[in-house]
Amino acid sequence: MKLAAGLAALVVFSTPTRAEDLLLALSSLDVTIASNWAGADVTVFGTVREPIPGRAYQLVITTRGPAETLVVREKGRVAGLWVTKKNSRFPEAPSFLSVLSNAPLDETVDPAERTRARLGLAEYARGDGSAPQAARQALMRLQAERGLWIEDDEGVSFDPQLFHATVHLPSNTPFGAFEVEGMLYADKTLVARRTITFRVAKAGFEAKVADVAERIRLGYGVGVAGLALLFGWAASAMFRRD
Amino acid sequence: MQTYLPIAELPVDVLLVLGMALAVGFVSGMFGIGGGFLMTPLLIFIGVPTAVAVASEAPQIAASAFTGVLAYQRKQAIDFKLGGVLLGGGVAGTALGVWFFNLMRDAGQLDAIIAVSYVIVLGAIGGLMLVESTRALMRKAPPPSKPRGVKRTFVDRLPFKMRFRRSMIHVSALPLLALGAGVGFLGAVLGIGGGFLLVPALVYVFRVPTAVVVGTSLFQIFVTMMAATVMHATTNASVDVVLAMILMLGGAIGAQFGVRVGQTMKGEQLRLLLALLLLAVAGRFLADLTLTPIEPFSVVIAEGAR
């Protein structure tokens, strides 16, 4: 969203026990879906407070959309026909996931920390461990194709103190609460961690329609049926020749 | 020109959807069918969720059919009594179809069932119509009008006979109720109005004059789809009014031109074209089922999550 729409900065005060801390802010706390919606960019920016001079920092910014149970279906041949043969469930998987960093993840942390802190798409594709490797790969590949799972180790620009990263929300973005988690590493050790959230929601006409359709179901259905009558009659009245 | 669909939850190109609706509306007006078997796959292809596609196209089919009903009513070419009997069977068939639909969805094989059903139903009807219409076209002279009531079949021996004056038939209500039920069942499972099943059945089995068949079929489709619109809205809240309005606008205009073109053509020619169309759609589903898919995987959000 537009930076001018308001620098909705969430100020997080540093804790006295740590030398470094993170200050995170978002270009927008409310992403609204209106009739011209075609996706949006949310910029995450901020600064490292009280950095130790000369120390190299790696920052990983993970943005997670609402959790869903994702199912990966695999087609197989049964009696000559290609039908769904296997379903692999990924409970509590983020419907949207963007992992941005200023350095490759395996250079940032050790594999154990990577798993513990859940850094990178592969950690989320692990699911509950029941899914086969092929299904995990397919989940990452297909979600990436739809722009829903993104991993970019050049996604964070880091000046000596200021950083910023752009989270691309595609047009098929799920809505709800999105959590942005910034994890600051130095020498493969976590030195600071902050989270901030934003919401993606329908607004205006779109929100009203969805709300009415959900709450006043019968009235909405009868209304649409009435529209059908109106359209059908209008077409007949306009085009009749006899 | 993009617009956001509030229930389908995705932006679509208005002109693309309008164009699709025009084309399907044209076909629908030309053959006196709803066109659901074309629109459902098209909408799913552009990314609309299956449930929303099926539900939002119901009001469009209703609107198109209503236009047709008004036109045929002016020509006195609707047999309301026949339509009523078919609808009576249709209610039972639809209920059974919805039950079967949920059973298959829970078994996780809905896509395959739908694809196989499309291939069998569309392939069989299309094949039969292709053979019949080609034969009719091959004959030099116009075919002699079919003798009525000369050959007695088992259908003629069934009880509860009813006289349908406008259709000029005198048959038992039982096979008509069964036909209505069968169409209702397949309609609920496949998300289609079922006109392409009803028209040939009435023409070939019950020998209703083609002129009356189209109007009556449209009447049956109209009532079924009005009910389906309200049902989808109340059970799943999956009717997208913005999508439905784009579809209705395109469908209503397209149908007008379709009706005109249809009236200038011979019945056999129309049936041959419809046969080819049905076979093409069936072939598309058959290819999906039998050819090795480029991407064997797909990702979906688990049912009931929303």
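Reply: **A helix residue and the packing around the core**

A225(A) is found in helix α6 (residues 217–239) of chain A; helices are DSSP runs of H or I with at least four residues, numbered from the N terminus. The model is predicted, so local features need pLDDT of at least 70 and side-chain atom pairs count only at pLDDT 80 or more, whereas totals for chains, interfaces and linings use all residues. Residues are numbered from 1 along each chain as its sequence is written, chains are lettered from A and ligands numbered from 1 in the order in which they are written, and side-chain values use heavy atoms, leaving out hydrogens and water.

With a relative accessible area of 6%, A225(A) is buried (under 20% relative accessible area, 1.4 Å probe, protein chains only). Not counting residues up to four places away in sequence, A225(A) touches M226(B), T229(B) and V230(B), where contact requires heavy atoms within 4.5 Å. By contrast, Q161(A), 64 residues from A225(A) in sequence, lies 59 Å away in space, C-alpha to C-alpha.

S64(B), in helix α3 (residues 50–74) of chain B, is buried at 7% relative accessibility. Beyond its neighbours within four places in sequence, S64(B) contacts S28(B), G251(B), A252(B) and A255(B).

The largest nonpolar core has 102 residues, a core being a set of buried Ala, Val, Leu, Ile, Met, Phe, Trp, Tyr and Cys residues joined through side-chain atoms within 4.5 Å. Among the members that touch the most others are Y220(A), F37(B), Y118(B) and L176(B). A separate core of 56 residues includes L100(A), V109(A), L119(A) and A131(A).

Sequence neighbours within four places aside, the contacts of Y118(B) include F37(B), P41(B), V281(B) and F285(B). Helix α2 (residues 36–45) and helix α10 (residues 267–290) of chain B pack at about 35°, with axes 11 Å apart; axes are lines fitted to C-alpha atoms over the stretch in contact, and angles run from 0 to 180 degrees between N-to-C directions. The crossing is left-handed, that is, the near helix is turned anticlockwise from the far one by less than a right angle.

The core residue L176(B) is one of the buried residues of α6(B), as are L179(B), V183(B) and L190(B).

How values were computed
Buried < 20%, exposed > 50% of the residue type's maximum accessible area, 1.4 Å probe, protein only. Helix = DSSP H or I, 4+ residues; strand = E, 2+ residues; numbered from the N terminus.
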